[in-house]
Amino acid sequence: MDLAALKTQLKNFVQSMFEEGVLDNQFSQIQALQDSTNPNFVEEVITLFCNDAERIINEINRNLGYQNVDFSNLDSYVHQLKGSSSSIGANRLKLACANLRQASDERNKEGCLQALQLITCEYCLLRRKFQALLHLERSIVELETNQK
Amino acid sequence: MTPTLPSGDQASDQDNWDNGRLAHKRQLLTEIILRNRLTALVVDGDTTCRVLEQLLFHSYGVQTQGVDNGRDAIALIASGVKFNLIIIDMILSVLNGLEATRQIRDMGVHCKMLGVTACSGESERQAFLAAGVDVFIEKPLDPEHLVPILRELDGQ
């Protein structure tokens with residue numbers, strides 16, 4: 001596939017993520033921050049986000065495994081995940097965090113477990129799509145490098 | 001000399017792509033030119049948020065330092081470092097954002113403080129404003145909120 005076609009494929013793929021509500025405009029702003037001084041910025045931020053998100057989701061899971069859930073501790077983790085989700089433009093994941101926060105406010109353990117399931121699903125979907133996006137980006141960089 | 005046209009569709013697609021991205025970037029980042037050298041402290045326990053916030057400031061030419069908890073923010077300010085703007089998250093480890101804000105104000109720091117949080121509600125807003133922040137916003141920190149503040153600090 002030639003360079004222009006790859007770039008179009010990437011553009012269309014990101015567009016589809018916006019249309020599905022997986023990403024929102026905040027991700028466009030992150031893309032806009034990538035330039036020649038930060039050529040790998042998008043990949044670095046996505047990697048950072050995914051590492052943190054997985055750690056937090058595991059911590060939430062562990063917390064909800066206890067008989068007596070520490071809801072204030074849980075709230076801290078939810079806050080963190082919602083914050084990073086909204087900052088990277090992960091729209092559906094951000095919304096799923098709002099569900100967990102509400103259940104946590106209500107001290108509803110069962111509700112928290114259900115909300116966590118949704119968060120896990122949304123995160124797995126997002127991660128798969130980010131991996132595909134980064135694969136396209138790397139292919140573009142490789143082609144551009146070969147053409148120089 | 002007769003100007004030469006780009007040869008082939010691929011070259012013009014490349015130019016259109018690069019020009020399109022630059023226009024898109026300008027549109028999204030609302031370019032401003034700062035006359036003064038501004039500095040900002042970003043206090044955010046979440047690494048992704050802190051990196052993005054610092055880079056956003058950097059894109060406007062604002063020098064930043066970042067810390068991930070309230071205690072380190074207090075220590076940095078107590079050491080004499082001055083900032084034009086402090087961005088502080090409500091939920092922080094070691095010393096939370098509300099208490100850190102109170103202590104910063106008690107130290108006689110009068111610079112602009114912007115309180116941020118992932119989960120906003122009226123009670124959070126009131127609490128943060130009462131603690132001493134000037135502005136309260138829900139994450140993400142974006143140009144729409146940041147640019148007017150930078151312009152004000154720059155005296156524009």
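This is a predicted model: local features need pLDDT of at least 70, side-chain atom pairs count only at pLDDT 80 or more; totals for chains, interfaces and linings use all residues.
Chain B brings an open sheet of 5 strands, and the two chains bury about 2,700 Å² between them.**Chain A on its own**
- The C-alpha trace of chain A spans about 60 × 25 × 20 Å along its principal axes.
- Inside chain A, A:R55 and A:D52 form a salt bridge, with the closest N and O atoms 3.9 Å apart.
- These two sit about one helical turn from each other, because A:R55 and A:D52 are 3 residues apart in helix 3 of chain A.
- A:R107 has a phi near 55 degrees, a positive value in a residue other than glycine.
- You'll find A:R107 in the loop between helix 5 (91–105) and helix 6 of chain A.

**Where the chains meet**
- On the chain A side, 34 residues are in contact with 32 residues of chain B.
- Of the roughly stated burial, about 2,700 Å², carbon and sulfur atoms account for 62%.
- Three residues, A:K7, A:L33 and A:H79, supply 23% of the area that chain A buries against chain B, more than any other three residues.
- The rule finds 4 residue pairs in polar contact across this interface, counting pairs with both residues at pLDDT 80 or more.
- The elements giving two or more residues to the chain A side are helix 1 (3–19), helix 2 (25–33), helix 3 (41–64), helix 4 (71–88) and helix 6 (109–147) of chain A.
- Helix 4 of chain A has the largest share of that side, with 9 residues.
- Sorted by class, the side of chain A that touches chain B has 10 nonpolar, 16 polar and 8 charged residues.

**Salt bridges**
- Side chains of opposite charge can pair when their charged atoms come close.
- Over all chains, a search of the whole structure turns up 18 salt bridges.
- Across the interface of chain A and chain B, the rule finds 2 salt bridges.
- A:R101 and B:E124 form a salt bridge, and their closest N and O atoms are 3.1 Å apart.

**The sheet in chain B**
- The 5 strands of chain B line up in the order 2-1-3-4-5, and the pairing is parallel.
- Strand 2 (63–67) and strand 5 (135–138) of chain B are the edge strands, each with a single partner strand, so one side of each has no neighbour in the sheet.
- From one strand to the next, the twist averages 20 degrees.
- Strand 1 (residues 39–43) and strand 3 (residues 85–89) of chain B pair in the parallel sense over 4 bridges.
- B:V42 has B:I87, in strand 3 of chain B, as its bridge partner.
- Helix 2 (residues 47–59) of chain B packs on the sheet and touches strand 1, strand 2 and strand 3 of chain B.
- The direction of that helix makes about 170 degrees with that of strand 2 of chain B.

- B:K139 and B:P140 are joined by a cis peptide bond, with omega about 10 degrees.
- B:P140 lies in the loop between strand 5 and helix 6 (143–153) of chain B.
- B:V94 is not a glycine, yet has a positive phi of about 70 degrees.
- The loop between strand 3 and helix 4 (97–106) of chain B is where B:V94 sits.

Methods
Residues are numbered from 1 along each chain as its sequence is written. Chains are lettered from A and ligands numbered from 1 in the order in which they are written. Side-chain values use heavy atoms; hydrogens and water are left out. Contact means heavy atoms within 4.5 Å. Buried area is the accessible area (1.4 Å probe) that two parts lose on being put together, summed over both. A salt bridge is a side-chain nitrogen of Lys or Arg within 4 Å of a carboxyl oxygen of Asp or Glu. A polar contact is a pair of N or O atoms within 3.5 Å; within protein, one must be able to donate a hydrogen and the other to accept it, and residues adjacent in sequence count only if both atoms are side-chain atoms. Ala, Val, Leu, Ile, Met, Phe, Trp, Tyr, Cys and Pro count as nonpolar, Asp, Glu, Lys and Arg as charged, and the others, Gly among them, as polar. Two strands pair if DSSP finds at least two bridges between them. Axes are lines fitted to C-alpha atoms, for helices over the stretch in contact, and angles run from 0 to 180 degrees between N-to-C directions.
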